Amino acid sequence: MNELETLRSGAAALGVELDETAAHKLLRLLDELDVWNQRMNLTAIRERPQQITKHLLDSLSVHSYLQGTRIVDVGTGAGFPGLPLAVALPDKHFTLIDSTAKKLKFVEHAAGLLELRNVQTVHTRAESYRPKHRFDRVISRAVGPIENFIKWSGHLCVGGGRLLAMKGRYPASELEKLPSGWKLAAVHRLVVPGLDEERHLVEICRSHDKL
Ligand code: SAM
């Protein structure tokens, strides 16, 4: 299978139908990441098959948990999971935030290159970000312990919304330390095509929310 087929069949296994244009955009994103990676260290994952599984498919694996229309990706880094999700879900609006200017510069550039009209970038720390409108889903991948994620980003979530933490192994010890006012809504085991590693999505809501 070539790269395009690997990506499209992996996405289909996740329930995401990527048309050719969307799939080409995602591969273009990886090409551009490679170019920028020569100048600055954006990501340690540099082999194409791994980039497809660990960046693209891993990002897409959470697509069915993004209810609502306003999504924020906290600590997006080089744009993961936010950019692949924005390509796959054009009807939702994605705000990608990060505290590191150089990474966000890449994300801005990539969003322009891929003509993603549903992406906004904000250079900020999550804890000092005060958006005009809050978000239905607040997602993050690889931004540290869940406790910190909630403390930094809880205020970004609408009433009845969810915080979504993308994790590797089941994060048992992190779940024992949820800040007061928040509770575990669910943990979803994710299977990423081509990836022989555990993945979990932790869903957090406010303590008074109905499950
Ligand atoms: N989410 C991306 C991924 O999975 O490839 C990047 C993960 S990288 C390990 C963590 C990112 O979170 C960094 O780009 C860092 O600048 C950002 N970050 C850490 N703390 C942050 C905060 N309080 N607010 C916004 N961004 C933060």
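**Helix packing, ligand surroundings and backbone exceptions**

Helix 2 and helix 3 pass each other in a right-handed crossing, meaning that the near helix is turned clockwise from the far one by less than a right angle. The model is predicted, so local features need pLDDT of at least 70 and side-chain atom pairs count only at pLDDT 80 or more, while totals for chains, interfaces and linings use all residues. Residues are numbered from 1 along each chain as its sequence is written, and side-chain values use heavy atoms, leaving out hydrogens and water. Helices (H or I, at least four residues) and strands (E, at least two) are DSSP runs numbered from the N terminus.

**Helix 2 with helix 3**
- The axes of helix 2 and helix 3 (residues 48-60) come within 11 Å and cross at roughly 125 degrees; axes are lines fitted to C-alpha atoms, for helices over the stretch in contact, with angles from 0 to 180 degrees between N-to-C directions.
- That angle makes helix 2 oblique to helix 3 (under 35 degrees is roughly parallel, over 145 roughly antiparallel, 65 to 115 roughly perpendicular, the rest oblique).
- Contact (heavy atoms within 4.5 Å) involves Leu26, Leu27, Leu29, Leu30, Asp31, Leu33 and Asp34 of helix 2, and Arg48, Gln51, Ile52, His55, Leu56 and Leu60 of helix 3.
- These residues comprise 8 nonpolar, 2 polar and 3 charged (Ala, Val, Leu, Ile, Met, Phe, Trp, Tyr, Cys and Pro are nonpolar; Asp, Glu, Lys and Arg charged; the others, Gly among them, polar).

**Helix 1 with helix 2**
- Helix 1 (residues 3-13) and helix 2 (residues 20-37) have axes that come within 10 Å and cross at roughly 115 degrees.
- Helix 1 is therefore roughly perpendicular to helix 2, and their crossing is right-handed.
- Glu3, Leu4, Leu7 and Arg8 of helix 1 meet Glu20, Ala23, His24, Leu26 and Leu27 of helix 2.
- This contact has 5 nonpolar, 1 polar and 3 charged residues.

**Ligand**
- The ligand is surrounded by 16 residues, the closest being Gly75, Phe80, Asp98, Thr100 and Arg141 (a heavy atom within 4 Å).
- Ligand nitrogen lies 2.8 Å from a polar backbone atom of Gly75 and 3.3 Å from one of Ser99.
- An oxygen atom of the ligand is 2.7 Å from a side-chain N or O atom of Thr100; polar contacts are pairs of N or O atoms within 3.5 Å.

**Backbone exceptions**
- Most residues other than glycine have a negative phi, and most peptide bonds are trans.
- Phe80 and Pro81 are joined by a cis peptide bond with omega about 10 degrees; Pro81 sits in the loop between strand 1 (70-74) and helix 4 (82-88).
- Glu115 has a positive phi near 55 degrees and lies in the loop between helix 5 (101-113) and strand 3 (119-123).

Methods. Polar contact = N/O pair within 3.5 Å; in protein donor to acceptor, adjacent residues only side chain to side chain.
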